[in-house]
Amino acid sequence: MPTVSVVVPVLNAAPTISATLAALGDQRFDGEYEVIVVDCGSTDGTLALLNGAAVTVLHHPERDPAGARNRGAEHAHSELLAFTDADCAPEAGWLAAGVAALHGADLVQGRVLPARAPGPLERTVSVGAEHGLYETANLLVRRQAFDRAGGFGPVPGLALAPGRHFGEDTWFAWRARRAGARTAFAPDAVVRHAVFPRSPGAFVAERQRAAYFPALVAAVPELRTAFLHRRLFLSPASLRFDLALLGATASRRRRAGWLLALPWAADTARRARRDGAGAACATAAADALTAAALVAGSVRYRTPVL
């Protein structure tokens with residue numbers, strides 16, 4: 001029987017899945033492990049790349065990564081489950097370090113690093129500490145804790161368009177924690193996340209997802225201390241932008257109000273010098289869209305996050 005079962009959901013990941021499979025096949029792990037890939041209806045040649053690979057391939061026709069992970073967990077033969085994604089390449093010591101961390105925990109978040117240095121507008125994922133979101137790019141859990149939490153599922157009350165998903169990993173992990181799961185961070189269990197080019201327009205448009213954070217905080221109020229900045233703000237960057245807006249409004253009556261805008265203005269100027277004017281402008285537009293999305297989400301879900 002395998003010591004650990006690795007579950008990878010996949011949808012149209014032909015450019016990256018080969019690197020994922022190669023990395024999983026090269027694990028330096030003292031024990032047996034199985035790899036279960038759950039396809040969500042790929043149409044781009046992903047299935048052809050899976051043919052002949054030393055993995056179990058399951059099919060989950062709904063474009064639902066939470067359901068795909070649950071499907072993989074149901075099929076898994078091990079009492080230890082490891083999750084990563086089809087745009088990730090675990091380093092050779094990933095499984096060994098993650099399983100070692102599970103000796104004293106029920107749920108382990110591993111480190112996620114970009115596969116290369118990302119450009120200012122490129123998309124990737126970085127996780128350097130246990131900050132409360134529990135991204136499934138690198139997550140390990142004991143089956144008992146997984147089953148007790150009920151597996152992955154949608155964030156309650158969050159309205160999403162078909163085919164979209166958000167926060168199911170965070171919602172799962174905090175349900176597990178509430179049920180008594182002990183957590184740990186494994187800095188030596190490293191997964192490398194792919195880096196994807198992105199146009200300025202796509203970089204800005206992606207910030208619309210900030211509207212979902214108030215729903216996630218409504219379901220997981222523990223995030224106010226575990227993840228949010230000063231319990232209310234999505235990040236230090238969102239606080240700087242909000243102060244700039246407040247300063248611009250106050251300056252109509254009191255010139256000193258502009259002082260509130262200085263941290264955001266200084267940050268934007270530094271970005272322009274480092275990344276160029278185009279990236280700085282895109283980031284400023286993204287900051288504005290983030291603020292608007294958070295306000296809209298805060299009103300819709302009756303949970304303030306700024």
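These notebook entries record what I looked up in a predicted model of one protein.

**Entry 1: ground rules.** I number residues from 1 along each chain as its sequence is written.

**Entry 2: the whole protein.** I noted 12 helices and eight strands; helices (H or I, at least four residues) and strands (E, at least two) are DSSP runs, numbered from the N terminus. I then looked up the spans of the C-alpha trace along its principal axes, which are about 70 × 40 × 35 Å.

**Entry 3: cover and contacts.** I found that 49% of the 306 residues count as buried. Buried means under 20% relative accessible area, exposed over 50%, and partly exposed in between (1.4 Å probe, protein chains only). For contacts (heavy atoms within 4.5 Å), I took residues at least 6 apart in sequence, and 76% of such contacts join residues at least 24 apart.

**Entry 4: helix α6.** I turned to α6, which covers residues 168-178, and found nine of its 11 residues buried. Among them are Trp171, Phe172, Trp174 and Arg175. Which elements cover the buried residues of α6? I list α3 (65-75), β6 (107-114), β7 (139-142), α5 (143-149), α8 (213-219) and α9 (223-226) among them. Just after α6, I noted Gly180 with a positive phi of about 110 degrees.

**Entry 5: aromatic rings.** I counted 11 aromatic pairs. The rule pairs rings of Phe, Tyr and Trp (its six-membered ring) if their centres lie within 6.5 Å; planes under 30 degrees apart count as stacked, over 60 as edge-to-face and the rest as tilted. Phe146 belongs to helix α5 and Phe172 to helix α6, so the pair ties together parts 26 residues apart in sequence. I found both Phe146 and Phe172 buried. I also recorded one aromatic cluster formed by Phe83, Phe146, Phe152 and Phe172.

**Entry 6: Phe203.** I located Phe203 in helix α7, residues 200-205. Is Phe203 buried or exposed? Phe203 counts as buried because its relative accessibility is 8%. Beyond its neighbours within four places in sequence, Phe203 is in contact with Pro120, Leu121, Arg198, Ala282, Thr283 and Ala286. Phe203 and Ala285 lie 82 residues apart in sequence, with 9.5 Å from C-alpha to C-alpha.

**Entry 7: Val10.** I placed Val10 in strand β1, residues 4-10. Val10 has 2% relative accessibility and therefore counts as buried. Leaving aside neighbours within four places in sequence, I found Val10 in contact with Ile17, Val37, Val38, Asp39, Cys40, Ser42, Thr46 and Ala86. For Val10 and Ala73, 63 residues apart in sequence, I noted a C-alpha to C-alpha distance of 14 Å.

Terms used
This is a predicted model: local features need pLDDT of at least 70, side-chain atom pairs count only at pLDDT 80 or more; totals for chains, interfaces and linings use all residues. Side-chain values use heavy atoms; hydrogens and water are left out.
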